[in-house]
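Colleague: I have just opened this one and have never looked at it before. Please walk me through it slowly.

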Amino acid sequence: MLKQKLFLLTVLVFIAMPLLARESGSQITPNLYLGASTADCTMWTGSTLGVVMDNDPTLWGDPSIESDTSGGVGISYKYFMNDTIAFNTGLNILYKSCLVKYPALTAIDDLTISYGTSYIIVPVGLRAYFEYFFIGAGVYYGYAGDADAEITFTSVYGTESVKETIDFNNDFGLYFDIGLDIPLSQIISLEIGMRYEHGLSTVYEEENDIITDIKTRALLFNVGMGIMI
């Protein structure tokens, strides 16, 4: 009986080995991303905003910046130089946004300012694979579309929103990712990961604006299906 169990275990190991082994070659992976983004930025104080808006420095307190929804789609390309290290690049279309909130002091309600724009992002980096687990890092360049800015506040006349389209600069930064690559067959695998993007360049800089010197940040979860080609 013990010999039969050992034989069965040996057979299972030999069946599983091709699924775990990675040889030199290329892989493409369509991905779906969903997460949150925020930003580092310079903001007016609440008293400055109150004076400019209504000549009253007591309307709002100093602002805080909050994360907002981020996500998109993409396709990655990986070239496995050996069974551990892969060169990684691709093309992603991601929407990133952030929300700045000025808490009400004597004003009727908080004042919020939201920014959002889409980027075409090209990452370039390396990944290290350890059976099912991977970790990677690199740089990215993001081509920015027009950004939507919206200010929302409440007055005696009701809630008002002011919308504006502004120009964002292209983005450049670092990324780090970590996750699982689970083989489903010799050529197909399921990828589940998490990616952090840290912008190094200033995507918006306007000296006289309420919010300026914006640098993006994003934490994204992704799922994709890798196909060896």
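Predicted model: local features only at pLDDT ≥ 70, side-chain atom pairs only at ≥ 80, totals over all residues.

Colleague: Changing topic to salt bridges, what does the count come to?

Modeller: The count comes to seven salt bridges. One of them joins the side chains of Glu 66 and Lys 101, at 3.9 Å from N to O. That pair links distant parts of the chain, with Glu 66 in strand β2 (residues 64-80) and Lys 101 in strand β3 (residues 85-102), 35 residues apart.

Colleague: Why does Glu 66 count as partly exposed?

Modeller: Partly exposed covers the range between the 20% limit for buried and the 50% limit for exposed, and Glu 66 falls there because its relative accessibility is 29%. Lys 101 is partly exposed too, because its relative accessible area is 26%.

Colleague: What about Asp 177 and Arg 127, are they buried or exposed?

Modeller: Asp 177 and Arg 127 are both buried. Their side chains meet in a salt bridge of 3.0 Å, N to O. This pair also links distant parts of the chain, since Asp 177 lies in strand β8 (residues 171-183) and Arg 127 in strand β4 (residues 111-130), 50 residues apart.

Colleague: Which Arg forms a salt bridge with Asp 177 at 3.8 Å?

Modeller: That is Arg 195, whose closest N and O atoms with Asp 177 are 3.8 Å apart. Here strand β9 (residues 188-199), which holds Arg 195, is linked to strand β8, which holds Asp 177, and the two residues are 18 apart. Arg 195 counts as buried because its relative accessibility is 4%, and Asp 177 counts as buried because the value there is 5%.

Colleague: Which residues are linked in a network of salt bridges?

Modeller: The network takes in Lys 78, Arg 127, Asp 177, Glu 191 and Arg 195.

Colleague: Now the inside. Which residues touch the most other members of the largest nonpolar core?

Modeller: They are Tyr 102, Ile 113, Tyr 115, Phe 168, Ile 211 and Ile 214, in a core of 29 residues. At least two residues of this core come from each of β1 (25-43), β3, β4, β6 and β10 (211-228), and β4 gives the most, with five.

Colleague: Let me pick Tyr 115, then. What is Tyr 115 in contact with, leaving aside its neighbours within four places in sequence?

Modeller: With those neighbours set aside, the contacts of Tyr 115 include Lys 96, Cys 98, Ile 166, Phe 168, Ile 211 and Ile 214.

Terms used:
Residues numbered from 1 in each chain as written. Heavy atoms only, no water. Salt bridge = Lys/Arg side-chain N within 4 Å of Asp/Glu carboxyl O. Helix = DSSP H or I, 4+ residues; strand = E, 2+ residues; numbered from the N terminus. Buried < 20%, exposed > 50% of the residue type's maximum accessible area, 1.4 Å probe, protein only. Core = buried A, V, L, I, M, F, W, Y, C linked by side-chain atoms within 4.5 Å. Contact = heavy atoms within 4.5 Å.
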